Amino acid sequence: MDPFVCVNVLSLFYEYGRGQDLPKTLEWVYEVLLHRAYIGGSRYYMSADCFLFFMSRLLQRITDPAVLNRLRPLFVERMHERVSAPGDSMELAFRILAGSSVGIQFPRDLEKLLAAQCADGGWDLCWFYQYGSTGVKAGNRGLSTALAIKAIESAVARPPSPALSTASSSKLEVPKQPILQRPLSPRRLGDFLMPWRRAQREVAVSS
């Protein structure tokens, strides 16, 4: 079974409080992380950094202390092994995002990611997925750009937001508008009849 897919399935189950239902899958993922079996990718995903990014999402959803104490130290060790490893823009973004989740910074990889930005502000197309039966690869430049921006935001400290002034935080006084009176409903429903209907009614009354 593809370990990348297993990690995402576990993330879904832990998101809804059912992670304990898949103990064998969790053990399989742990063995993959322990023996670095994610290096070189899998049938559907090609990047080791992608696997570690998926793992970071899983760790953020696990609330069981015993499971966290078993997975997190090993994950931190594997993240340190990825420092300055080769990779395209998407892999660098995956690496920076995964490291940020456990407080690990990748300054050199961040420099590479910033240098890879194109003149139009985006990042080049990177392959994210491949079909197992045909080997056809799938990717999207928008995905590469979105991940790169997210990674840069997670790595670069933002300045604090300016404090609101007293004037801007005070309540605005909205002038009261006069209440419009609703017009009285007509007393006779005949006023809403079409002309030919009204004519028929008048004839019936006169006869």
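What follows is a working chat about a predicted model of one protein chain.

Trainee: What kind of model is this, and what are the ground rules?
Mentor: It is a predicted model, where local features need pLDDT of at least 70 and side-chain atom pairs count only at pLDDT 80 or more, while totals for chains, interfaces and linings use all residues. Residues are numbered from 1 along each chain as its sequence is written, and side-chain values use heavy atoms, with hydrogens and water left out.

Trainee: What is the mean pLDDT of the chain?
Mentor: The mean is 84, and 75% of the residues reach 70 or more; pLDDT is the predictor's confidence in each residue, from 0 to 100. Over residues 164–175 it is below 50, and that stretch has 1 contact beyond near neighbours in sequence. A contact means heavy atoms within 4.5 Å.

Trainee: And what about residues 182–197?
Mentor: pLDDT stays under 50 there too, and the model has 7 contacts for that stretch beyond four places in sequence.

Trainee: Switching to the fold. How many helices and strands?
Mentor: There are 9 helices and 2 strands, taken as DSSP runs numbered from the N terminus (helices H or I, at least four residues; strands E, at least two). The order along the sequence is α-α-α-α-α-α-β-β-α-α-α.

Trainee: How much of the chain is buried?
Mentor: Buried residues make up 33% of the 207 residues. Buried means under 20% relative accessible area, exposed over 50%, and partly exposed in between, with a 1.4 Å probe and protein chains only.

Trainee: What share of contacts comes from residues 24 or more positions apart?
Mentor: They account for 60% of the contacts with a separation of 6 or more.

Trainee: How do α1 and α2 sit relative to each other?
Mentor: The axes of α1 (residues 3–15) and α2 come within 10 Å and cross at roughly 130°. Axes are lines fitted to C-alpha atoms, for helices over the stretch in contact, with angles from 0 to 180 degrees between N-to-C directions. The two helices are therefore oblique to each other; under 35 degrees counts as roughly parallel, over 145 as roughly antiparallel, 65 to 115 as roughly perpendicular and the rest as oblique.

Trainee: Which residues make that contact?
Mentor: On α1 they are P3, C6, V7, L10 and Y14, and on α2 they are T25, L26, W28, V29 and V32.

Trainee: New topic: how many salt bridges?
Mentor: The count comes to 10, where a salt bridge is a side-chain nitrogen of Lys or Arg within 4 Å of a carboxyl oxygen of Asp or Glu.

Trainee: Which residue does R70 pair with?
Mentor: R70 forms a salt bridge with E27, with the closest N and O atoms 2.8 Å apart. R70 is in helix α4 (residues 65–80) and E27 in helix α2 (residues 23–34), 43 residues apart.

Trainee: What about E81?
Mentor: E81 forms a salt bridge with R36, again listed with closest N and O atoms 2.8 Å apart. E81 lies in the loop between α4 and α5 (89–100), and R36 in the loop between α2 and α3 (48–61), 45 residues apart.

Trainee: And which residue meets D120?
Mentor: R141 does, in a salt bridge of 2.7 Å, N to O. D120 lies in the loop between α6 (107–115) and β1 (127–130) and R141 in helix α7 (residues 141–155), so the pair ties together parts 21 residues apart in sequence. D120 counts as exposed at 55%, whereas R141 is partly exposed at 33%.

Trainee: Which residues are joined in a network?
Mentor: R36, E77, R78 and E81, through salt bridges that share partners.
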